[in-house]
Amino acid sequence: MTTIDFRSTMTVELVDHMGTDETIARSARVSSGTSGNLTANRGLLNMLMRDRHGSPFESVTYQFKVTCPIFVAREFFRHRIASYNEVSGRYKVLEPVFYYPTPSRPLRQIGKPGAYSFEAGDYKQQRTAEGEHKRMAVEAWDSYEHMLDRGIAREVARNVLPVSLYTSFYVTMNLRSLFNFLSLRWAHEDSKVPTFPLKEIEDVAKQMDAKARQVCPIAFEHFDAHGRVAP
Ligand SMILES: Cc1cc2nc3c(=O)[nH]c(=O)nc-3n(C[C@H](O)[C@H](O)[C@H](O)COP(=O)(O)OP(=O)(O)OC[C@H]3O[C@@H](n4cnc5c(N)ncnc54)[C@H](O)[C@@H]3O)c2cc1C
């Protein structure tokens, strides 16, 4: 029997990037024909963020590789202003990697749609959530392998696999689009507009934020300062 890898972590790699804070300032300055030093650029980026002059932020591009369960990827792919390439379940046999909620994952949903809060489950709920995720993953994987053994095409056999299966994809997005993603997928303490993201996509967003801000620290400083609203 195949050994299944159970995980609850999300992985984000910054694979490539183009542009810096200076690129944003240069793009903006073409309209006035001016030039500026670091201090002037800091002021300019502040103004662009504050007044939501968004297009200069499009001149910086990032490519990330994200490894996460399908239920997280589904939410991610709703962000249309990005380019994606994902592992194919038609062209290759998938890896037996499945998500399960660890005891630290809140399990109880309190409140109404649009204003939920989540609280820790009790011991019994934690054991049940973990046990059911693992039981169904093992059963689904057995069924997938059984069909492959019988010569059934990968694109048909994969249909029995649940959304807790891990997938990997490259996402390429510009900084303006990334700010939009981060504004929606991280309930950050500096956010002016509240949001209620899924914990696991928030884990992805936090990692993307940490890596992307190293490339454009000034733009991110102003993003935070102006309430993390996409320009
Ligand atoms: C907490 C939360 C809960 C959610 N719940 C649900 C849900 O229950 N059901 C559901 O279906 N979705 C849900 N979503 C997904 C949500 O509706 C958006 O599809 C997703 O957040 C992508 O946002 P976006 O359109 O701004 O991003 P992108 O698609 O990347 O678009 C970026 C920006 O481009 C512009 N844009 C893009 N496409 C168009 C267009 N066709 N017309 C006009 N302007 C456009 C908009 O300004 C948009 O903000 C939820 C999202 C969050 C954060």
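**Reading a ligand shell and a buried threonine**

Author: Let's start at the ligand: one of its oxygen atoms sits 3.0 Å from an N or O atom in the side chain of Asn 180. Keep in mind that this is a predicted model.

Reader: Which other residues put polar atoms by the ligand's oxygen atoms?

Author: For Arg 80 it's a backbone N or O atom, 2.7 Å from a ligand oxygen. Arg 185 uses a polar side-chain atom instead, at 3.5 Å from an oxygen of the ligand.

Reader: Let's switch to Thr 167. Is Thr 167 buried or exposed?

Author: The general idea is a cut-off: buried means under 20% relative accessible area. Thr 167 comes in at 7%, so it counts as buried. You'll find it in strand β8, which covers residues 166-174.

Reader: What does the side chain of Thr 167 make a polar contact with?

Author: Its partner is the side chain of Glu 86, at 2.7 Å. Glu 86 also turns up among the contacts of Thr 167 beyond four places in sequence, along with Val 66, Thr 67, Cys 68, Pro 69, Ile 70, Ala 73 and Val 87.

Conventions. Residues are numbered from 1 along each chain as its sequence is written. This is a predicted model: local features need pLDDT of at least 70, side-chain atom pairs count only at pLDDT 80 or more; totals for chains, interfaces and linings use all residues. Side-chain values use heavy atoms; hydrogens and water are left out. Helices (H or I, at least four residues) and strands (E, at least two) are DSSP runs, numbered from the N terminus. Buried means under 20% relative accessible area, exposed over 50%, partly exposed in between (1.4 Å probe, protein chains only). A polar contact is a pair of N or O atoms within 3.5 Å; within protein, one must be able to donate a hydrogen and the other to accept it, and residues adjacent in sequence count only if both atoms are side-chain atoms. Contact means heavy atoms within 4.5 Å.
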